[in-house]
Amino acid sequence: MISRAAGVCLGLMCVLLLTAVIVLCVTFIQERQQLKTKITNLTQEKDQLLTNNMNLTEERQQLQTKITNLTEERDQLKSERNDFQKKFADGWKCHQSSLYLFSSETKNWNESRRYCREREADLIIINYTEEQDFVKNICGSEHFWIGLTDIEEEGRWKWVDGSTLTYRFWKSGEPNDYQGNEDCANTHSSGWFDTNCDSSVKWICETSILK
């Protein structure tokens with residue numbers, strides 16, 4: 001009887017041990033799976049944080065670039081404003097999208113053009129009727145050089161930028177190339193005249209506001 005009871009006890013212990021081992025194995029597997037899941041989640045969170053950090057870095061760089069660009073634009077606008085203020089103080093006049101300077105002294109055509117170019121401008125190019133009317137109202141009875149010449153080819157009048165005439169405001173009887181030596185144009189309230197380029201005449205400089 002004792003031997004039988006011992007056998008039963010031993011069997012129960014084996015069952016209990018086996019059950020405990022199974023429970024431990026199941027628990028271990030579950031915990032390992034949970035750890036793997038946590039590791040996976042942490043890895044994903046880390047990757048997400050790295051991505052967020054990269055995005056924030058890119059956004060910061062983009063913002064810095066925008067700040068730099070805006071600063072440059074601000075400085076450019078300040079420079080242009082100061083330039084305009086200086087031009088207005090020097091007597092430049094505004095019409096449409098251009099600034100004009102009507103000289104008070106006289107020079108020949110080439111010297112007049114050089115004067116304009118030294119001020120980041122050029123002799124005026126008159127491209128439309130309203131511009132001619134604007135100039136005519138200021139010129140009055142005086143003559144002013146404009147950026148028009150046929151010095152390269154007689155009778156083929158071109159503006160200083162190389163473009164050909166689209167509008168013509170010649171005074172009646174002009175151009176007449178008097179004595180074969182009138183290759184530069186000037187404007188007057190009555191219209192344009194061809195004149196000897198070495199004549200001493202006032203001039204008009206023009207520069208675009210939209211540079």
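## Domain arrangement

In this predicted model, the C-alpha centres of domain 1 and domain 2 are 67 Å apart. The domain assignment places domain 1 at residues 9-90 and domain 2 at residues 93-208.

UniProt, in an unreviewed entry, lists residues 95-206 as "domain: C-type lectin".

Helix H2 covers residues 109-117, and its buried residues are Trp109, Ser112, Arg113, Tyr115 and Cys116. Viewed down the axis of H2, these buried residues fall within an arc of 155°, so they line one face of the helix. The elements that cover them include S2, strand S3 (122-123), S4, S6 and S8.

Tyr115 also takes part in a charge-over-ring arrangement: Arg119 lies over the face of Tyr115, at 3.5 Å from the ring centre.

Glu120 is found in the loop between H2 and S3. Is Glu120 buried or exposed? Its relative accessibility is 59%, and Glu120 therefore counts as exposed, the cut-off for that class being over 50%. Glu120 and Ser208 are 88 residues apart in sequence, yet their C-alpha atoms are 9.7 Å apart in space.

## Helix H3

Helix H3 runs over residues 129-139, where Glu131, Gln132, Phe134, Val135 and Cys139 are buried. Seen down the axis of H3, the buried residues fall within an arc of 160°, so they line one face of the helix. They pack against six strands named here in chain order: S1 (93-95), S2 (98-102), S4 (144-149), S6 (184-188), S7 (191-195) and S8 (202-208). After H3 comes Gly140, which has a positive phi, near 60°.

Glu131 is a charged residue within this helix. At 2% relative accessibility, Glu131 counts as buried, because the cut-off is under 20% relative accessible area. Which residues is Glu131 in contact with, leaving aside its neighbours within four places in sequence? The contacts are His95, Tyr100, Ile124, Ile125, Ile126 and Glu206.

## Aromatic pairs

A search of the whole structure finds nine aromatic pairs. One of them joins Phe102 and Phe144 in an edge-to-face arrangement, with 5.7 Å centre to centre and 80° between the planes. Phe102 lies in strand S2 and Phe144 in strand S4, so this pair ties together parts that are 42 residues apart in sequence. Both residues are buried: Phe102 has a relative accessible area of 13%, and Phe144 has a relative accessible area of 3%.

Trp170 and Trp192 also form an edge-to-face pair, at 5.5 Å centre to centre and 85° between the planes. This pair links distant parts of the chain, with Trp170 in the loop between strand S5 (158-159) and S6, and Trp192 in strand S7, 22 residues apart. Trp170 is buried, its relative accessible area being 18%. Trp192 counts as buried as well, at 0% relative accessibility. Trp170 and Trp192 belong to one aromatic cluster, together with Trp157, Trp159, Tyr167 and Phe169.

The peptide bond from Glu174 to Pro175 is cis, and its omega is near -5°.

Asp177 lies in the loop between S5 and S6, and has a positive phi of about 45° although it is not a glycine. Gln179 is placed in the loop between S5 and S6 too. Phi of Gln179 is likewise positive in a residue other than glycine, near 60°. Gln179 is exposed, with a relative accessible area of 67%.

Note on methods. Residues numbered from 1 in each chain as written. Predicted model: local features only at pLDDT ≥ 70, side-chain atom pairs only at ≥ 80, totals over all residues. Heavy atoms only, no water. Domains from an automatic or database assignment. Buried < 20%, exposed > 50% of the residue type's maximum accessible area, 1.4 Å probe, protein only. Helix = DSSP H or I, 4+ residues; strand = E, 2+ residues; numbered from the N terminus. Arc of directions from axis to C-beta. Contact = heavy atoms within 4.5 Å. UniProt positions renumbered as here; feature names shortened; annotations may be inferred. Phe/Tyr/Trp six-rings, centres within 6.5 Å; stacked < 30°, edge-to-face > 60°. Lys NZ or Arg CZ within 6 Å of the ring centre and 35° of its normal.
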